[in-house]
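This briefing goes through one protein chain by topic. Please have the sequence and the model open while reading.

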Amino acid sequence: MTSRSCFRTLAIGAWLLTSTASALAAQCGTGTFESWLDDFKKEAATKGISQNAIQAGLAGVTQDKAILARDHSQQVFSQTFEQFSGRMVPPRLNRGSDMMKRYGSVLSRIEEAYGVPGEILVAIWGLETDFGVNTGKFPTIRSLATLAYDCRRSDMFKAELMDALRIVERGDLPPQEMRGAWAGEIGQTQFMPSSYIKFAVDFDGNGKRDLLHNVPDVLASTANYLKSYGWKKGKGWEPGSENFAVIQQWNKSEVYAKTIGYFATQLAKAP
């Protein structure tokens, strides 16, 4: 897990509660966490999630006060592009170049399918999790349930928790393997569950969209995300371009987006 979590969670902090929960909905912060979870299970069932998935995903889930402490103590990110890129890119450049070679044929097929060059995908992969080495240790469903019960951004995290159960239901990942960043990001390029549901693809055709263990699925799903936001095949990604704006849909921070582009450019120049 890398500093993207800092950027992403700052963006998460901008969410506002915009709707009133229905009478059937689990009410944040009222009663015990256990009673809230019981109400959430009923709400999930009304939304078509199977009892098997609900039981598998939520059995024994408890609140994690450490997650709330992290959420309530987020700090403003203040590094410049020069500071951030200088810290993140040089130590990952050689391995990134190796990954370009190791997965060259996969990346070529992905670019043919989605139009996104391998340099961009490998740069994102390296910045997010050191190429899958540091995907995070927090149980995803427990983190999301904790944040959904808290009233700061309850609607957002309830929706993400529903989508986490849908990932379980369709058989992509078992709940015990769903571990990631503290705010619910999961996989080698750190998808929130809603993005996992929308953009994850089974690129190797094994019947599962596995963004934790399956590198072709990880890279193709990341490309699908970018294509869905308007990536222009064959175009550059310099700041001010249409593709740079797409990178900012991945992460709205200009510093982070510029670092992705810079890393990708360095990979393109590598022998």
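Helix α8 is mostly covered, with 12 of its 12 residues buried. The model is a predicted one, and the chain averages a pLDDT of 91, with 90% of the residues scoring at least 70. Over residues 13-23, however, the pLDDT is below 50. That stretch has 12 contacts in the model beyond near neighbours in sequence.

**Helix α8**
- α8 covers residues 118-129, and its buried residues include Glu119, Trp125, Glu128 and Thr129.
- The 12 residues of α8 should span 16 Å at 1.5 Å a residue, and the end C-alpha atoms are 16 Å apart, so the two values agree.
- Just after α8, aspartate 130 takes a positive phi of about 55°.

**Helix α9**
- α9 (residues 140-149) is largely enclosed by the rest of the structure, because nine of its 10 residues are buried.
- Among the buried residues of α9 are Thr140, Ser143, Leu147 and Tyr149.

**Disulfide**
- A search of the whole structure finds one disulfide, and this bond joins cysteine 28 to cysteine 151 with an S to S distance of 2.1 Å.
- Cysteine 28 lies in the loop between α1 (4-12) and α2 (33-46), and cysteine 151 lies in the loop between α9 and α10 (154-169), so the pair ties together parts that are 123 residues apart in sequence.
- The torsion about the S-S bond of cysteine 28 and cysteine 151 is about 105°, so the disulfide is right-handed.
- Cysteine 28 has a relative accessibility of 19% and therefore counts as buried, the cut-off being under 20%.
- Cysteine 151 is partly exposed, at a relative accessible area of 36%.

**Nonpolar core**
- The largest nonpolar core has 81 residues, and α10 gives the largest share of this core, eight residues.
- The core lies between domain 1 (31-72 + 134-197) and domain 2 (79-133 + 205-266), because both domains give residues to it.
- Trp36, Ile120 and Leu226 are the residues with the most contacts inside the core.
- Ile120 is also one of the buried residues of α8.
- Not counting residues up to four places away in sequence, leucine 226 touches Val116, Ile120, Leu121, Ile124, Trp231, Val246 and Trp250.
- In soluble globular proteins, nonpolar side chains tend to be buried together.

Technical notes
Residues numbered from 1 in each chain as written. Predicted model: local features only at pLDDT ≥ 70, side-chain atom pairs only at ≥ 80, totals over all residues. Heavy atoms only, no water. pLDDT = per-residue confidence, 0-100. Contact = heavy atoms within 4.5 Å. Buried < 20%, exposed > 50% of the residue type's maximum accessible area, 1.4 Å probe, protein only. Helix = DSSP H or I, 4+ residues; strand = E, 2+ residues; numbered from the N terminus. Expected span 1.5 Å × (residues − 1). Disulfide = S-S within 2.5 Å. Core = buried A, V, L, I, M, F, W, Y, C linked by side-chain atoms within 4.5 Å. Domains from an automatic or database assignment.
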